[in-house]
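Below are some notes for a colleague who is meeting this structure for the first time. Please keep the model open while reading them.

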Amino acid sequence: FFVFGGALTAKADPVFDRFIAEVREEAAAHGISERHLANLDRLTPEPEITRLASSQPEYVKPIWAYLDHLITPNRLTLGRENLNAYRPYLDKLEAQYGVPVGILVAIWGVETNYGSNKGSFHVLQALATLGYEGRRAKFGRQQLLAALQILQSGDVALADFKGSWAGAMGHTQFIPTTYADYAADGTGDGKKNIWTEPRDALASSAYYLKRMGWQKGLAWGFEVSVPSNFNFAEARIKNTKSPAYWRDKGVTA
């Protein structure tokens with residue numbers, strides 16, 4: 001559980017307590033104020049997060065099953081509604097960053113179903129639970145320190161600082177370090193509020209894709225057919241080859 005004030009009654013966990021003390025010291029050295037460091041003292045491990053982290057299977061769902069799960073009539077309807085509602089703003093983002101409006105709205109839909117499922121875990125608690133032990137400890141600690149920087153920035157209130165069990169936040173699910181590097185102020189109000197302001201989240205996603213190398217006018221991918229003897233070991237995202245190479249392998253559009 002997570003407490004913003006009052007006494008804790010949870011059973012003491014010396015390993016967790018040592019972890020919090022170490023994070024507290026490191027965060028203080030990086031300029032985090034005592035006001036925000038005090039939030040660490042109210043944390044306890046969340047068993048549900050530990051369960052989710054340990055039971056997450058390796059992703060093996062075939063692409064067609066994945067698409068059937070994601071592309072539902074309701075999601076398409078909501079997507080069209082949100083595209084229309086935000087069209088003037090999305091057009092500005094496309095002109096600025098080169099990312100098509102349809103891509104941005106699709107990302108929003110896939111990540112949180114247009115903001116209806118942004119995650120209900122308190123980000124500090126989730127990351128502290130991941131960070132103090134287990135295979136995600138390095139990730140959790142790094143993200144927890146970045147999360148404290150976000151709180152100190154004033155972009156989000158503690159009560160709104162929620163996300164997934166893995167610490168992904170806001171309408172388009174940025175983890176804290178990605179937020180630190182790529183979050184954008186889409187409204188001009190001086191804040192990068194991806195939690196309750198869709199325009200900031202959409203601007204952040206557009207800026208992120210641009211920084212990652214998105215080139216206007218280039219398709220992101222193509223559906224292809226492969227021969228029966230195709231070597232699927234070659235179908236790795238880092239194995240970049242020319243279209244001619246794939247054609248020689250029997251791959252066709």
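The points below go from the overall fold to one helix and then to the pockets.

1. This is a predicted model, in which local features need pLDDT of at least 70 and side-chain atom pairs count only at pLDDT 80 or more, while totals for chains, interfaces and linings use all residues. Residues are numbered from 1 along each chain as its sequence is written, and side-chain values use heavy atoms, with hydrogens and water left out.

2. The protein has twelve helices and two strands, where helices (H or I, at least four residues) and strands (E, at least two) are DSSP runs numbered from the N terminus. Read from the N terminus, the order of the elements is α-α-α-α-α-α-α-β-α-α-β-α-α-α. The C-alpha atoms fill a box of roughly 65 × 45 × 35 Å along the principal axes.

3. Of the 253 residues, 39% count as buried, that is, under 20% relative accessible area with a 1.4 Å probe and protein chains only. Among contacts (heavy atoms within 4.5 Å) between residues at least 6 apart in sequence, 67% join residues at least 24 apart.

4. Helix α11 covers residues 198–211, and its 14 residues should span 20 Å at 1.5 Å a residue, which agrees with end C-alpha atoms 20 Å apart; the expected span is 1.5 Å times one less than the number of residues. At the start of α11, a side-chain oxygen of Glu 197 comes to within 2.9 Å of the backbone nitrogen of Arg 199. The helix is followed by Gly 213, whose phi is positive, near 110 degrees.

5. The buried residues of α11 include Asp 200, Leu 202 and Leu 209, and what covers the buried residues of this helix includes α6 (87–97), α7 and α10 (176–182).

6. The largest pocket has a volume of about 1300 Å³. A pocket is an open set of points on a 1 Å grid over the protein atoms alone, where a 1.4 Å probe fits, with protein on both sides within 12 Å along at least five of seven lines, and lining residues have an atom within 4 Å of a point; a volume is the space filled by probe spheres set on the points, which are joined across faces, edges and corners. Of its 27 lining residues, the closest to the centre are Trp 220, Gly 221, Phe 222, Val 224 and Trp 246.

7. The second largest pocket has a volume of about 860 Å³. Of its 24 lining residues, the closest to the centre are Tyr 66, Leu 67, Ile 71, Val 110 and Trp 220. The largest share of this lining, seven residues, comes from α7.

Terms used:
Buried < 20%, exposed > 50% of the residue type's maximum accessible area, 1.4 Å probe, protein only. Polar contact = N/O pair within 3.5 Å; in protein donor to acceptor, adjacent residues only side chain to side chain.
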